[in-house]
Protein chains: 2
Amino acid sequence: MTLVKEWKLPKEDLQRAGLQRGVGVALWRQIADGIRAGLANDLADETGRLPPESELALSFGVNRHTVRAAISALAHEGVLHSVQGRGTFVRRRKRLVYPIGARTRFSAGFDGQARDRQSELLDHGQEPASSQVAEALGLGTGEDVLRLETLGKADGMPISRATSWFSATRFPTIVETYRETKSITASLALLGVNDYLRASTGVEARHADEADTNELQLSPGAIVLVTRALNVDPDGAPIQFSFTRFPADRVELVIDTMRAGE
Amino acid sequence: MTLVKEWKLPKEDLQRAGLQRGVGVALWRQIADGIRAGLANDLADETGRLPPESELALSFGVNRHTVRAAISALAHEGVLHSVQGRGTFVRRRKRLVYPIGARTRFSAGFDGQARDRQSELLDHGQEPASSQVAEALGLGTGEDVLRLETLGKADGMPISRATSWFSATRFPTIVETYRETKSITASLALLGVNDYLRASTGVEARHADEADTNELQLSPGAIVLVTRALNVDPDGAPIQFSFTRFPADRVELVIDTMRAGE
DNA sequence: CCGAATTTGTTCGTATGTATC
DNA sequence: AGATACATACGAACAAATTCG
């Protein structure tokens, strides 16, 4: 027996609205996601007001109770906001833009988009380089590297979670300098690297795992954008290899391609 | 009289595994996502074999049935593959790399990574520009634009779904030329644009909606990477504005930052 | 080749959550 | 609000295929 069965055809209304029963996601959650997506288009009017619940129920082809469950979840997430007698409204918060280019500086990434930015050292350690890290940094497998785990916040909300590796022989005190300066760029400058460039950036997207969920304050099923970046000094020698996780609903990456090499 | 056994929720186990009940996403789907994420690490051994269902159930803190539902879903997606008496195995398929830079050409994107590449025109139409499209292409809101919906395949598997807009006055016959050449680059060349550059690329990630699910052959809960791109001619005049959706488990974006401007 | 251990596949039953009417 | 049906999850078997000593 298959637990994911072939169910009876759902009502045409559900199909039309793109909803499905028995796929492991409750209708109200699918509708919540649908409303969230709709906000990017023209679901809400100029004043940020959504259509009445009865109308939404009709267009999604479900009972009004189901729409209410979806709205309640979104209200709990801080996306919507209902007022009895008036309607349901969007609480708009812009997605932060993280620019990527040869001059990408982590510390400057979200400049001017949030009142308050913080960086936090969560963990660090010295360890033999994995094959991936060794290859990226041009070291032998098993040579020692220093690992830094950092959390970035904007206005108190976690927006990035980075794991970075540095050669332990070239930057033996990077942990201490980072603790003082709270900045990779400043730390590298103290250690004699006055300039560096972003050589390449890989971008993937995946579901948040447990660590992401905890550290970035996400709900299960949330999506993280993962960048895999290599920074090199002006001579082209690898300096820093890092993975950074961004909550996909709070952050957008922008590659200014034509100026990327400047 | 029958004693009704009361099963206590092993809440601690669930929390340890990062699962939650009652959030509108079934446990089996959360576990499916967990397994998918685990494959990137060391969930499967060298031979691609996963731990037995009973062991997974223990580590996730759920019943074996629940793990089976998750595995069944992943098997249906083509990620896993179970054999009675032997175990459950990973069906490994490399993720395609889509490079992004100033010289990004859609047609050349996946060159050399697949034996067979196809492009398909799904739909097209003429319509007044939305405010977003108008702003990107430097047109007045409501000026007519031509919209092309295309599907990209590699070895028969859908890998991209693009919606592109062009000025209807500057490129009135773009649909016909595309139908002939099956290539945006070639179409533009026929219409007098011998060269163009990728000005900027925005990257977001979100859950697949119904259209994505159908057209890209995804399962619900799957993730799509969405790029928002603007191409300009050598004079800097906007030519093409497009949204492209990539299945996140089949495609990875790579920005070769230092050569991006070449 | 035999038989035991391992692992996936199947079928009961029961309880709880979700959605409709 | 209550009745009904479907969906999710747990528990305890047992069957069938594979592996291995």
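This is a predicted model: local features need pLDDT of at least 70, side-chain atom pairs count only at pLDDT 80 or more; totals for chains, interfaces and linings use all residues.
Biologist: In which helix of chain A does Ser187(A) lie?
Modeller: Residues are numbered from 1 along each chain as its sequence is written, chains are lettered from A and ligands numbered from 1 in the order in which they are written, and side-chain values use heavy atoms, with hydrogens and water left out. Helices (H or I, at least four residues) and strands (E, at least two) are DSSP runs, numbered from the N terminus. Ser187(A) falls within residues 184–190 of chain A, which form helix 7.

Biologist: Is Ser187(A) buried or exposed?
Modeller: Buried means under 20% relative accessible area, exposed over 50%, and partly exposed in between (1.4 Å probe, protein chains only). The relative accessibility of Ser187(A) is 0%, so this residue counts as buried.

Biologist: Which backbone oxygen does the side chain of Ser187(A) reach?
Modeller: A polar contact is a pair of N or O atoms within 3.5 Å; within protein, one must be able to donate a hydrogen and the other to accept it, and residues adjacent in sequence count only if both atoms are side-chain atoms. A polar atom of the Ser187(A) side chain lies 3.3 Å from the backbone nitrogen of Tyr178(A). The backbone oxygen reached by this side chain, at 2.6 Å, is that of Ser183(A).

Biologist: Which residues is Ser187(A) in contact with, leaving aside neighbours within four places in sequence?
Modeller: Contact means heavy atoms within 4.5 Å. By that criterion, the partners of Ser187(A) are Ile174(A), Thr177(A), Tyr178(A) and Thr181(A).

Biologist: In what order do the eight strands of the open sheet stand?
Modeller: Two strands pair if DSSP finds at least two bridges between them. The edge strands, each pairing on one side only, are strand 4 (117–128) of chain A and strand 3 of chain B. The pairing in this sheet is mixed, and the order is 4(A)-5(A)-6(A)-9(A)-8(A)-7(A)-10(B)-3(B).

Biologist: What angle does the direction of helix 6 of chain A make with that of strand 4 of chain A?
Modeller: Axes are lines fitted to C-alpha atoms, for helices over the stretch in contact, and angles run from 0 to 180 degrees between N-to-C directions. Helix 6 (residues 174–181) packs on the sheet and touches strand 4, strand 5 (144–154) and strand 6 of chain A. The angle between the directions of helix 6 and strand 4 is about 170°.

Biologist: Which residue in strand 9 of chain A is the bridge partner of Thr163(A)?
Modeller: Strand 6 (residues 157–167) and strand 9 of chain A run antiparallel and are joined by six bridges. In strand 9, the partner of Thr163(A) is Phe243(A).

Biologist: What is the separation of the C-alpha atoms of Ala229(A) and Thr201(A)?
Modeller: Ala229(A) is placed in strand 8 of chain A, and this residue is buried because its relative accessible area is 3%. Beyond four places in sequence, Ala229(A) touches residues including Arg198(A) and Ser200(A). Thr201(A) is 28 residues away along the chain, yet the two C-alpha atoms are separated by 4.5 Å.

Biologist: Which residues touch the most other members of the largest nonpolar core?
Modeller: A nonpolar core is a set of buried Ala, Val, Leu, Ile, Met, Phe, Trp, Tyr and Cys residues joined through side-chain atoms within 4.5 Å. Of the 31 residues in the largest one, those touching the most other members are Leu225(A), Leu253(A), Leu225(B) and Leu253(B).

Biologist: Where is confidence highest in chain A?
Modeller: Chain A averages a pLDDT of 82, and 85% of the residues score at least 70. The lowest mean, 53, belongs to helix 1 (residues 12–17), and the highest, 95, to strand 9.

Conventions:
pLDDT is the predictor's confidence in each residue, from 0 to 100.
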